[in-house]
Each structure stands twice: as structure tokens, then as C-alpha cells.
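Reader: I have a model open and want to learn how to read it. Please take me through it feature by feature.

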Amino acid sequence: MRSYFSKLFTGAWSLIVGLKVTIKAMFSPIVTCQYPREKLEVTPNYRGHIDLVKFADTGTHKCITCGSCMRECPSDCIVVDGEKREGVKGKALTVFTLNFTKCSLCGACVEVCPTKALDYSDEYELAGFARTDFHYDLLKRVEERE
Amino acid sequence: MVVAAVCGAVIVFGNALVMGYAERKLAGHIMLRPGPMEVGPHGLYQLVIDGLKLMGKQLVIPKNADKPLFMLAPLLAFAPVFVPLLVIPFSDKIQGFDLDVGLLLILAFASINVLAILIGGWSSNNKYSLFGAIRSVAQNVAYEIPMLLSLLAIIFMTNSFSLKEIAAAQSPVWFVIIQPLAFLIYIVAMVAETNRAPFDLPEAESELTAGFHTEYSGMSFSLFVLGEYANMFIVCSVATVFFLGGDSGIPLPYFEYSGIIWFLMKVYALMFFLVWIRWTYPRTRFDQLMNFCWKYLIPFSLVNLLITVVMVKLL
Amino acid sequence: MSMNVEVLEDDKHHRYVLNMGPQHPSTHGVLRVLLELEGEYAMNLLPVLGYGHRCHEKIAEFKPAKSFMPNTARMDYLGALIYNHGFAQLLERACGIEVPERVEYIRVITSELNRIQSHLLWYGAYLLDLGAFTPIMYAFDDREHILDILEDVTGSRLTYCYFRVGGVSKDIDDKFVTSTRAFVKRLRGRFPMYEDLVNGNVILQNRLIDIGELTPQTCARYGVTGPLLRGTGVAYDIRRAEPYSIYSKFDFEIPTETKGDCMASFLVRFRELEQSLRIIEQALDSLPEGPIMAAKVPKKLKIPAGDYNSSVEAPRGELSYYLVSDGSDVPYRLKVRTPSYSNLSIVPEVCQGMLISDVVSAMGSLDLVIPEIDR
């Protein structure tokens with residue numbers, strides 16, 4: 001008999017305590033951000049898709065077309081090709097495409113590049129209507145970037 | 001009479017608009033987020049647009065569903081809410097009908113909701129809906145008893161079923177102070193009758209994927225929702241009339257119908273409480289719900305009734 | 001008192017089959033459970049797996065072993081760093097690579113943050129199954145802080161590919177240390193709120209106590225590990241039983257309960273949050289300086305022929321990798337023993353004769369992540 005009443009009172013008290021927590025939360029400031037009207041600052045270390053880095057001293061990329069990134073990639077999404085041009089030591093880069101639909105953002109390509117020519121971009125608002133929207137031509141992107 | 005019916009319709013739809021918006025905003029703030037913000041300033045027009053959207057949706061009827069019953073269920077959930085609104089005294093001058101047996105009318109029409117849920121769940125030809133319907137029948141039938149017993153205590157004190165007389169009989173002191181136990185029992189039974197959390201097993205989202213209204217879309221679904229909000233309004237109004245003094249309060253100067261403002265404030269305070277507990281507690285298990293009714297609510301309400309009868313006889 | 005109902009002999013014709021299909025709000029992921037119901041009692045339960053099978057173990061046979069690292073994160077997206085850790089450890093043991101001490105500390109700190117994040121998500125989602133809509137928001141609010149901290153270091157929010165064979169890919173800085181300390185303080189201050197709102201709530205206690213009682217013998221038969229096993233009283237945690245990395249240097253308790261029901265595993269997981277916070281604090285206090293990559297890691301990692309094993313304590317139980325190598329850099333066979341697979345297998349026995357609401361409660365307390373069952 002006593003447990004009947006004690007269960008009732010402890011149960012009722014626990015319910016009231018729970019109500020106090022929610023009413024306190026109701027008057028607390030909100031913690032969400034009204035995207036897309038307000039945007040949060042993304043950390044510069046965010047791992048977006050890779051991009052060729054435009055170096056200030058040469059004004060262009062430093063890729064030497066060694067193909068290490070293509071070999072290291074576990075998902076086979078990078079295609080690097082170059083051709084031999086006269087007067088230029090080594091190969092000149094002609095094709096550098098990334099198939100972002102297969103990329104698993106592992107970072108192996110960035111880490112293995114001998115000239116540190118690749119880095120992550122910070123684009124996160126990626127949406128498209130076709131898969132080809134995510135086949136990036138990184139050479140064109142580095143040339144068009146200011 | 002026609003005026004009363006039109007006012008009833010205005011109340012039902014207006015209440016759904018206000019309550020729907022308030023529920024979503026309050027739920028948002030409890031969860032530390034703002035709720036609807038896009039449509040209109042701070043999301044004020046959200047419910048209007050939602051209503052238009054639901055009206056424009058295609059009414060999908062499952063292949064093997066019992067078609068006449070399937071279409072009948074939302075109407076049965078929605079139509080009976082107009083009649084109880086006629087007998088509720090919004091103020092001492094505003095009332096559709098002053099019926100001698102006002103309370104019985106309200107309780108009778110509230111029970112039709114059970115039939116609507118059962119028909120909806122059965123005719124959907126869906127095992128999940130059937131579950132929701134069966135649970136709802138047992139739950140509603142069981143919780144009508146403490147509801148009635150706690151109100152009976154008040155009726156013994158005032159000797160009348162008419163809502164207007166009960167509201168008027170609370171002039172010196174509200175009945176919530178004299179009968180706090182009946183008030184608590186009525187609040188719990190009220191939550192269970194309207195199928196709101198923590199007793200919302202008929203439409204338990206995470207177990208039954210929307211329970212009895214799984215198969216309904218568009219206008220049929222919105223009729224269920226309108227019926228639910230109107231039901232909430234009705235049971236909260238009954239609680240206000242019986243326990244919180246109806247329309248009594250400090251009379252505002254130069255305004256003859258000031259009683260209605262106090263009445264609505266009290267009703268919406270109770271509705272706020274209903275929204276508050278919905279977003280705080282988890283769901284009870286079905287047999288625990290029934291145990292709670294039979295083992296806790298009914299004995300306490302019977303004891304309360306006995307004490308009331310003895311006190312009324314002595315005083 | 002247990003709610004399980006006895007099976008009657010000639011009652012089969014009253015039963016009907018309800019399909020808690022691959023799309024259901026409370027089977028976390030694409031799990032399908034065929035319930036043979038009698039009224040509301042689940043008499044026979046049959047989990048149907050395979051809806052999320054992505055052939056990870058077969059993929060491992062085609063790629064060089066160290067390229068498999070992103071796949072480990074996809075198997076259990078909630079405990080990604082711990083899966084990374086297990087795999088990195090496996091290859092380091094196989095090739096005999098010694099990692100620097102700073103690397104071990106970084107791995108432990110980030111793994112424990114990952115464990116806290118996984119438990120917080122489980123907490124919120126479990127309560128969402130039971131019908132409480134707000135605790136998930138509070139848990140996710142806390143979880144966002146962890147995700148921001150880890151995003152700053154690893155670059156991703158959920159499926160991390162941060163550990164490498166021989167080290168980690170990026171060093172942690174002072175900002176990480178200060179924000180982690182601030183987070184530890186913040187989460188400790190939130191525990192009373194969770195106790196008030198959730199753990200003490202009478203409705204929740206009625207839903208969890210005495211449901212799905214496990215015994216240590218049942219756990220041993222099915223190979224159940226993790227918080228479920230610790231809820232039955234067996235204090236088995238790989239971080240203590242077979243210490244890996246530098247867990248032997250830290251002072252932390254292994255929370256256990258005795259009853260073995262849903263409430264027991266619930267409380268064990270909740271208390272593990274505090275223990276993980278203790279480990280993080282101790283690791284931050286004694287973080288050494290040093291390199292973040294081992295000295296000589298060959299680019300083409302040839303694994304000597306033989307069998308290798310590595311076990312770690314994932315948030316759900318014991319995670320083991322078993323590698324069979326034939327001497328090249330591509331493994332011959334990689335087997336991943338995931339904890340949720342064994343945890344799920346108790347469902348037909350333990351949940352027999354329960355009400356549907358109890359089946360939902362019991363399955364939620366198992367903390368299943370279906371992608372790691374199907375791999």
C-alpha cells in the first residue's frame with residue numbers, strides 16, 4: 001500500500017521536474033541558424049572537393065603531372081594527363097579532372113602530392129541537376145580563379 | 001441559431017489556425033529553435049498556407065480500402081465538434097443555447113470521435129491503422145469514466161448539469177480550490193480523451209508510422225486535425241467552466257462582453273499546458289496507460305466523489 | 001515482472017504478420033523485421049538483413065590495404081574514428097610500424113570525442129522512438145559542439161578519414177585544446193538537465209525497466225558485447241581487458257549495472273559519457289609534443305604474409321578486424337566483426353512474447369547501426 005502512494009508521488013514529482021526543464025528551455029535563446037538567410041562561418045580546414053592551388057609567385061598551379069594523386073586515389077576519380085612541350089622541362093599539364101561523385105574525401109591525393117599543388121576547397125553549397133555538374137575540370141578552375 | 005452556427009464555424013477554424021501556429025512555435029522554442037519563420041513575418045501565415053496546401057492535395061484511397069467508410073471517417077471526426085460549442089457559455093451573455101443537460105450533450109458528442117477513429121482505422125485496410133484504431137477505442141472508452149466521475153463531483157455540489165449555472169455558481173471561489181483532486185484527474189483524462197501525448201498511442205509516430213491516419217492525405221487528414229484541435233478546445237472549455245470559474249475575472253470597464261476575454265484566456269492557458277506536456281514526456285505503453293486509468297484515476301475519482309457527497313450532505 | 005507472454009500450442013491461426021519494413025521510423029537504418037503478431041504480442045521475430053549491403057569486405061580485396069581507410073568510416077558512420085583507429089592499428093601491427101606518442105594521445109582524444117558523439121545521438125534517437133520529441137534536440141545541440149571541434153581538425157563532420165597508417169593526417173593546435181576543454185565543462189554541466197528531464201521521468205522508467213532482460217549466459221551464447229554486456233554485470237571493456245593504444249595509462253571506470261534490462265544498458269551508456277570525459281581530460285593534461293607521423297612509412301605498404309587481428313572498443317561493442325595477407329599490398333581477405341550484428345541476433349529470443357511498444361524499446365536499447373550490420 002505504501003509503495004502505491006510513494007510511486008505516485010515520486011512519479012508526479014519527476015513529471016513536474018521535467019516540466020521545469022522544458023519551460024526554462026522555452027525562454028532560452030534559440031541555438032539554430034536560419035540558413036539560408038544567415039550563414040555560419042565554415043572553418044578553413046573544411047574538406048571540400050580538391051582544387052589546384054594558384055601560387056602567388058608563378059601565378060599558376062605547380063602540378064608536375066607525376067600522376068601520384070591518380071594512383072593513390074582509392075576511388076579512381078582523378079584523371080591527370082600532360083604532354084611534352086618543347087622548351088619546357090618535364091610534362092605540361094593538359095587535363096586534370098575530378099569526378100566528385102566518386103570521391104570519398106580521404107585526402108590521400110592532397111597528402112601525396114610532391115609539390116603541394118592540391119588543396120581542399122571550402123565550397124559546401126553544392127547542388128546540381130545532373131551528375132556532370134560534379135565532374136570538375138580543375139585546370140579550367142585554376143585558370144579562371146583570380 | 002444561424003448566428004450561433006456561424007460563430008461555431010469561426011471558432012473551430014480560428015482555433016485551429018491559432019492553435020496550430022502556437023503549437024508549432026512553442027514546440028520550436030522548447031526545442032531551442034524558432035519554429036515556422038518563412039511564410040509571413042515570424043511564420044504567421046504558415047497555417048493558412050498549410051490549409052490551402054492540404055485542400056489542394058489529391059485524395060488517395062488505398063486499393064482495397066472500404067471506400068464509403070474511408071470517406072466517412074474524417075467527416076465523423078469533424079462534424080460533431082460544432083454541437084458542443086453551442087452550449088458552452090463564453091460569457092454570461094454569450095451562449096448559443098442554455099441547455100439543462102449541457103454536460104451530457106458535450107460528453108455524448110465527444111464520444112463520437114472514438115467511432116470516427118475506429119472507422120478510419122478499419123477501413124484503411126492497413127495493419128498499422130488497425131492498431132491505432134483498436135488502441136484508441138480502448139483508451140477513449142476507459143478514460144471517459146474518470147472524466148465523468150470528476151465532473152460528477154462538481155455537479156453534486158451545484159445540483160445542475162447546465163454549464164451556465166455551474167459557471168455562475170463559482171462567484172466567491174473557483175471550484176479548483178475546493179476540488180483540486182477532481183481538477184487533476186480531469187486534466188489527465190482530458191489529455192487521454194483528445195489522444196495527445198503522452199497518451200497519443202493511436203497516432204504513435206515512431207511505432208506505428210502515424211497510426212489510424214496513415215492512409216489519409218489532403219483534406220481528409222486536415223479534417224482529422226481540425227477535429228482534434230476543436231476537441232481540445234471543447235474539453236479545455238469544459239475544464240474552464242467547471243473548475244476555473246467560466247468567465248469570471250476582473251471586469252473590464254465599458255465592455256459588456258468582457259467575460260469572453262477572461263474565458264478565452266483561461267482556455268488558452270490550459271491549451272498551452274497541453275502543448276507544453278506534449279513536447280516534454282515520452283509515450284506511455286498501452287497497458288501502462290490502461291493500468292493508470294483503472295488503478296489510479298478511477299479509485300481516486302471515486303473517493304473524491306464519496307467525500308464530495310458526504311460534505312454536501314453535511315453542509 | 002516480465003511482460004513476455006507464453007506461446008500457446010494451437011494459437012497459430014490467430015496470428016498475422018506485420019512487416020516493420022526497411023522504412024520505419026524506429027529501425028535505425030534499413031532493417032526489416034517480420035513480426036508474427038498475436039494481438040499486440042510479437043510471438044516470432046525475424047530480422048531480415050541485407051538492404052544496405054555494399055560489399056565493403058570485397059572492396060578490400062581489390063585496393064591496396066591503406067586505401068581502405070575511407071571505407072572503414074562508412075561502415076559505422078557514428079563511430080568512424082574508432083573504426084579508423086582499429087584499421088590503422090591493424091596495419092601498424094602487420095607492418096611493424098611504431099607510432100609516435102603524440103599520435104596515440106591525439107587518437108585517444110578524438111576517439112573518445114567520437115564515442116561521446118555517438119552516445120549522444122543514440123540518446124536522442126532512442127527517446128524519439130519512445131515518443132519524447134525534445135531530448136533529441138538538446139542532445140544534438142551538444143553534439144554540434146563536438147562536430148565543430150572535429151571538423152576543425154579533420155575536415156569532416158561525420159565520416160572522418162583522419163587516421164593514417166603510422167599517424168594522423170593533421171596536427172591539433174591550441175584552439176582544439178581550448179575548445180575541447182570548454183566542451184568537457186559544458187557537457188558536465190548538462191548532465192543534471194538530462195537527469196531531470198529524461199532519466200528520472202516516471203514514464204520513461206516504466207517503459208524501460210524490466211524490458212528485455214539479458215543474462216551474462218545469453219550474452220555469451222550470442223557474442224553480445226558493449227554496453228549491453230556491461231548492463232548484465234560483466235565488466236568487459238576491450239580498453240581494460242586487452243588494452244590497445246595508451247588506454248592503460250588513464251584512470252577511468254567501467255560502468256556496470258546488474259539487471260540487464262533496457263534501463264541497465266541505458267544507464268551504462270549514459271555513465272560512459274562521463275568516463276569518456278575523464279579520459280579526454282587526462283589526455284589533454286598530459287599531451288606530449290612530437291611528430292604526428294611515424295618515421296618510415298613506405299608509400300607502397302606491403303603487408304608480410306600471415307594473419308593479423310586488431311580489436312577496439314566501438315561505441316556499440318567489440319569491433320575486430322582480421323586480415324589475411326599473402327605478402328602483397330592488397331589483402332587476400334579482410335573480415336570485419338561488427339558489434340551490431342551480434343547484438344541484433346538476440347532479438348528473436350529476448351523479444352519473443354513482447355508487446356510492440358516493448359519491441360521498439362528493446363531494439364532501441366541495442367543501439368543498432370544497420371550499415372555496420374550489412375557492411
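Reader: Is C:Val268 buried or exposed?

Author: Ground rules come before the answer. This is a predicted model, where local features need pLDDT of at least 70, side-chain atom pairs count only at pLDDT 80 or more, and totals for chains, interfaces and linings use all residues. Residues are numbered from 1 along each chain as its sequence is written, while chains are lettered from A and ligands numbered from 1 in the order in which they are written.

Author: Now burial. A residue is buried if 20 or more other C-beta atoms lie within 10 Å of its own, exposed if 12 or fewer, and partly exposed in between, with C-beta atoms placed from the backbone. C:Val268 has 20 other C-beta atoms within 10 Å, so C:Val268 is buried.

Reader: Where is C:Val268, and what does C:Val268 touch?

Author: C:Val268 sits in helix α11 (residues 262-285) of chain C. Helices (H or I, at least four residues) and strands (E, at least two) are DSSP runs, numbered from the N terminus. Contact means that C-beta atoms, placed from the backbone, lie within 7 Å. Not counting residues up to four places away in sequence, C:Val268 touches C:Pro227, C:Arg230, C:Gly231, C:Pro255, C:Thr256 and C:Glu257. C:Glu257 is 11 residues away along the chain, and the two C-alpha atoms are separated by 6.8 Å.

Reader: How many residues does the largest nonpolar core have?

Author: In soluble globular proteins, nonpolar side chains tend to be buried together. A nonpolar core is a set of buried Ala, Val, Leu, Ile, Met, Phe, Trp, Tyr and Cys residues joined through C-beta atoms within 7 Å. The largest one here has 213 residues. Among those with the most contacts inside it are B:Tyr186, B:Ala239 and C:Ala362. Leaving aside neighbours within four places in sequence, B:Tyr186 is in contact with B:Met147, B:Ser150, B:Leu151 and B:Ala239.

Reader: At what angle do α1 and α2 of chain B cross?

Author: Axes are lines fitted to C-alpha atoms, for helices over the stretch in contact, and angles run from 0 to 180 degrees between N-to-C directions. The axes of α1 (residues 2-30) and α2 (residues 46-56) of chain B come within 9 Å and cross at roughly 115°. The two helices are therefore roughly perpendicular (under 35 degrees is roughly parallel, over 145 roughly antiparallel, 65 to 115 roughly perpendicular, the rest oblique). B:Leu17, B:Gly20 and B:Tyr21 in α1(B) meet B:Gln46, B:Leu47 and B:Val48 in α2(B).

Reader: How many residues of chain B are in contact with chain C?

Author: 21 residues of chain B are in contact with 24 residues of chain C. On the chain B side, α10 (205-208) and α13 (286-314) give two or more residues. By class, that side has 10 nonpolar, five polar and six charged residues. Ala, Val, Leu, Ile, Met, Phe, Trp, Tyr, Cys and Pro count as nonpolar, Asp, Glu, Lys and Arg as charged, and the others, Gly among them, as polar.

Reader: Which peptide bond is cis, and where is its proline?

Author: Most residues other than glycine have a negative phi, and most peptide bonds are trans. The bond from A:Tyr35 to A:Pro36 is cis, with omega near 5°. A:Pro36 lies in the loop between α1 (2-26) and β1 (50-52) of chain A.

Reader: What is phi at A:Asp76?

Author: A:Asp76 has a positive phi of about 55°, although it is not a glycine. A:Asp76 is in the loop between α2 and β2 (78-84) of chain A. A:Asp76 counts as exposed, with 11 C-beta neighbours inside 10 Å.

Conventions: Contact = placed C-beta atoms within 7 Å.
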